[in-house]
Amino acid sequence: MECRSGCGACCIAPSINQPFYGMPEGKKAGEQCVHLDENKLCQLFGDIKRPKCCHNFTAEAFVCGESAEEAMQLLAFMEQETK
């Protein structure tokens, strides 16, 4: 599955509990990553500065659902369940 254009849910819903380029405190769940542009595209995609957890993430139907809204709900649920 390819990332849905204009979604960005994976750059907003989950937390990142380690410092990374541009976000020295990490990222809280529900907080938009500073590298997500106005088109909801990652500006670090393909860059070595991109966090390993982001690099390892793969868009899958069970995570991304049928829409950006559903992706946010699914990822937020997974975030809560894995705390």
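How many disulfides does a search of the whole structure find? The search finds zero, a disulfide being a pair of cysteine sulfur atoms within 2.5 Å. Cysteine 7, for instance, takes part in none, and the nearest cysteine sulfur, in cysteine 64, is 6.4 Å away. For cysteine 54, the closest cysteine sulfur belongs to cysteine 53, and at 4.1 Å it is too far for a bond.

Before I continue, some conventions. This is a predicted model, in which local features need pLDDT of at least 70 and side-chain atom pairs count only at pLDDT 80 or more, while totals for chains, interfaces and linings use all residues. Residues are numbered from 1 along each chain as its sequence is written, and side-chain values use heavy atoms, with hydrogens and water left out.

I turn to the overall fold. The protein chain has three helices and zero strands, in the order α-α-α from the N terminus. Helices (H or I, at least four residues) and strands (E, at least two) are DSSP runs, numbered from the N terminus.

Next, the dimensions. The C-alpha trace spans about 30 × 25 × 20 Å along its principal axes. The radius of gyration of the protein chain is 12 Å, which agrees with the value near 12 Å for a compact globule of 83 residues. That radius is taken over C-alpha atoms, and the globule rule is 2.2 Å times the number of residues to the power 0.38.

With contact meaning heavy atoms within 4.5 Å, residues 24 or more positions apart account for 42% of the contacts with a separation of 6 or more.

On accessibility, 31% of the 83 residues count as buried. Buried means under 20% relative accessible area, exposed over 50%, and partly exposed in between, with a 1.4 Å probe and protein chains only. Cysteine 7 counts as buried because its relative accessibility is 13%. Lysine 40 is partly exposed, at 33%; this residue is found in the segment before α1 (52-56), and its phi is near 60°, a positive value in a residue other than glycine. Glutamine 73, which lies in helix α3 (residues 68-81), is exposed, with a relative accessible area of 57%.

Finally, the surface. The protein chain exposes about 5,900 Å², of which carbon and sulfur atoms supply 53%; these areas come from the Shrake-Rupley method with a 1.4 Å probe, and for residues only the protein chains shown count as cover.
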